[in-house]
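Welcome! Take a moment to look over the sequence and turn the model around on your screen.

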Amino acid sequence: MKNAPRPYDDMIDSRDLVELLEEKESEAEALFDQWLDEIVEAERESREQRDQPFTKEDEEKFREEQYSFEEWLVQSEDEEADELKSLRSFCEDIESSAGQSLRDGVTIIADSYFETYAEELAEDVCDMKEASQWPFSHINWESAADELKMDYTEVTWDGNEFWVRS
C-alpha cells in the first residue's frame, strides 16, 4: 500500500483502513501458515526419528489439531500479529461508533487536528467569503471544536486519539 494510514495521521479515510487491514491480515495469515508448516515439519522429523510413519492423513489430522488462525493470532507475540490486533480493534470501534461500514468512507480525525478540522468544516458549510475578517477572525475555534465534538465519538489507535461522527 503506497500511502498506508498511520496512527499519527491528521485525517484518515476509512476505505484506506480497509485496504491496510486486508494487507495486514494477509501478512499475518502468511506468518501463521509458516508457523504451522514449521511445527508440522518438526512433528514429521520427530516421528521419523522414532521410526513412526507420518502419512498425509496423519499430517491433515495433526494440522487440524493445532491452533486456528484466530487462536494463533490471540496467542501470538509477533509484531505483525500485534499490529493486526490493534488495527482490527480500531476498525471495530469506528464501525460501532459511526454506525456504518468502513467501506462507506468514514472520515477519521486526529484529536490534535480537530480544531483545524472544525475551522475547515465551517468554511465549507458557511458563507465565509470574508473568513479572515470580523466576525470570523474572532471566533474561538477551540471552543467551537469542543462543541462540534458532541456529534463525534472518540476512538483510539495505538495510543492516539481520533474522532468519528456518531
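Once neighbours within four places in sequence are set aside, Lys149 is in contact with Asp111, Phe114 and Trp163. Keep in mind that this is a predicted model.

- Is Lys149 buried or exposed? Lys149 counts as buried, because its relative accessibility is 17% and the cut-off for buried is under 20%.

**How the strands pair**

- Strand 3 (residues 152-157) and strand 4 run antiparallel, and six bridges join them.
- Asp13 stands opposite Thr107 of strand 2.
- A handy rule to remember while you look: in a regular strand, side chains alternate between the two faces of the sheet.

- Most residues other than glycine have a negative phi.
- Asp158 has a positive phi of about 50°, although it is not a glycine.
- Where is Asp158 found? Asp158 lies in the loop between strand 3 and strand 4, and the hairpin of these strands has two residues between them.
- Asp158 counts as exposed because its relative accessibility is 51%, and exposed means over 50%.
- Asp51 is the other example to visit, with a positive phi near 55° in a residue other than glycine.
- Asp51 follows helix 1, and its place is in the loop between helix 1 and helix 2.
- With a relative accessibility of 71%, Asp51 counts as exposed.

**Helix 1 from end to end**

- Helix 1 (residues 14-49) has 36 residues.
- From its first C-alpha to its last, helix 1 reaches 52 Å, close to the 52 Å expected at 1.5 Å a residue.
- The buried residues of helix 1 include Ser14, Leu17, Val18, Leu20 and Leu21, and also Phe32, Leu36 and Val40.
- Charged residues can be found in the buried list too: Lys24, Glu43 and Arg47 are among the buried residues of helix 1.
- What covers these buried residues? The cover includes strand 1 (11-13), helix 2 (56-65), helix 3 (69-75), helix 4 (79-98), strand 2 and strand 3.

**Where helix 1 meets helix 4**

- Two packed helices are described by the angle between their axes and the distance between the axes.
- The axes of helix 1 and helix 4 come within 9 Å and cross at roughly 145°, and the crossing is left-handed.
- On the helix 1 side, the contact is made by Leu17, Leu20, Leu21, Lys24, Glu25, Glu27, Ala28 and Leu31.
- On the helix 4 side, the contact is made by Glu80, Glu83, Leu84, Leu87, Arg88, Phe90, Cys91 and Ile94.
- How many residues of each class take part in this contact? The contact of helix 1 with helix 4 has 10 nonpolar, no polar and six charged residues.

**A closer look at Leu31**

- Leu31 is found in helix 1, and at 24% relative accessibility it counts as partly exposed.
- Leaving aside neighbours within four places in sequence, Leu31 is in contact with Trp72, Asp78 and Glu80.
- Leu31 and Ser46 are 15 residues apart in sequence, and their C-alpha atoms are 23 Å apart in space.

**A closer look at Ala98**

- Ala98 is found in helix 4 and is buried, with a relative accessible area of 12%.
- Not counting residues up to four places away in sequence, Ala98 touches Val106, Val164, Arg165 and Ser166.
- Ala98 and Ala30 are 68 residues apart along the chain, and 31 Å separates their C-alpha atoms.

Notes. Residues are numbered from 1 along each chain as its sequence is written. This is a predicted model: local features need pLDDT of at least 70, side-chain atom pairs count only at pLDDT 80 or more; totals for chains, interfaces and linings use all residues. Side-chain values use heavy atoms; hydrogens and water are left out. Two strands pair if DSSP finds at least two bridges between them. Helices (H or I, at least four residues) and strands (E, at least two) are DSSP runs, numbered from the N terminus. The expected span of a helix is 1.5 Å times one less than its number of residues. Buried means under 20% relative accessible area, exposed over 50%, partly exposed in between (1.4 Å probe, protein chains only). Contact means heavy atoms within 4.5 Å. Axes are lines fitted to C-alpha atoms, for helices over the stretch in contact, and angles run from 0 to 180 degrees between N-to-C directions. A crossing is left-handed if the near helix is turned anticlockwise from the far one by less than a right angle, and right-handed if clockwise.
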